[in-house]
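Subject: Structure handover

Hello,

Here is the structure for your files. My notes on what was found in it follow below.

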Amino acid sequence: MASIINVDQIKNAAGTSGLTLDSSTGKASFPSGATLPAGSVLQVVENSGATTLTSSSSSWVTTPVVGTITPQFSTSLIVGVATVAVWRSSYAAYFGVRAVNSGGNTNQVMARGDGYNYSGGSFAWDTTYPFSYTAGSTSAITTTFQIYPNGGASWFPNDASSFSSETNFQRWHVRLMEIAQ
């Protein structure tokens with residue numbers, strides 16, 4: 001039989017610093033100034049959805065693809081990846097995708113200007129967009145994906161309804177990881 005120890009806080013031998021456990025979520029928080037081994041994964045946050053966006057704009061357009069993380073340390077590395085189903089019309093060439101932050105770190109953290117569609121017909125695919133940045137704050141940081149359709153019809157995420165009746169149907173997924181530095 002397994003044993004259970006219920007605690008709210010773990011302190012060092014001197015009784016001065018400790019690991020605090022949130023009573024409702026069980027999430028651990030570390031004392032200010034705590035040093036964790038570099039490369040330690042502190043948290044993983046995921047977001048996904050079935051909302052779609054279509055645009056033929058010749059400027060940057062905000063999509064529903066977003067992820068939010070609240071870092072425990074401002075020095076942490078945030079590593080993210082988004083997977084998105086994309087559709088592009090045949091009559092337009094290059095298009096762009098970028099990820100911009102709001103909140104604690106307001107940098108543009110990823111830009112891809114090499115999306116291209118051949119002129120033989122419409123094209124659909126799943127794309128993975130990796131990115132990373134230093135948290136720079138312990139305030140919530142929201143990463144939002146934007147597209148530059150360049151005048152061509154673009155769906156980001158795609159609106160295909162083939163499997164939309166399935167349980168937990170998703171058109172896009174964002175995963176953010178906080179890593180100690």
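A residue is called buried under 20% relative accessible area, exposed over 50%, and partly exposed in between. Glu46 has a relative accessible area of 44%, so this residue is partly exposed. Please keep in mind that the model is predicted.

Glu46 forms a salt bridge with Arg175 through their side chains, with 2.5 Å from N to O. The two partners come from distant parts of the chain: Glu46 is in strand E4 (residues 41-49) and Arg175 is in strand E13 (residues 172-179), 129 residues apart. Arg175 is partly exposed too, because its relative accessible area of 34% lies between the two cut-offs. The count of salt bridges in the model is 1.

On the fold as a whole, the chain has 13 strands and 0 helices. Of the contacts with a separation of 6 or more, 76% are between residues 24 or more positions apart. The chain has 181 residues, and 36% of them are buried. Its accessible surface is about 9900 Å², with 51% of that belonging to carbon and sulfur atoms.

There is also a nonpolar patch on the surface. Ile5, Val7 and Ile10 make up this patch, which covers about 290 Å². Ile5 sits in the segment before strand E1 (9-11). With a relative accessibility of 73%, Ile5 is over the 50% cut-off and therefore counts as exposed.

Regards

Conventions. Residues numbered from 1 in each chain as written. Predicted model: local features only at pLDDT ≥ 70, side-chain atom pairs only at ≥ 80, totals over all residues. Heavy atoms only, no water. Salt bridge = Lys/Arg side-chain N within 4 Å of Asp/Glu carboxyl O. Helix = DSSP H or I, 4+ residues; strand = E, 2+ residues; numbered from the N terminus. Buried < 20%, exposed > 50% of the residue type's maximum accessible area, 1.4 Å probe, protein only. Patch = residues over 30% accessible without salt bridge, like charges linked within 9 Å, V, L, I, M, F, W, Y side chains within 5 Å. Areas by Shrake-Rupley, 256 points an atom, 1.4 Å probe, with all protein chains shown as cover. Contact = heavy atoms within 4.5 Å.
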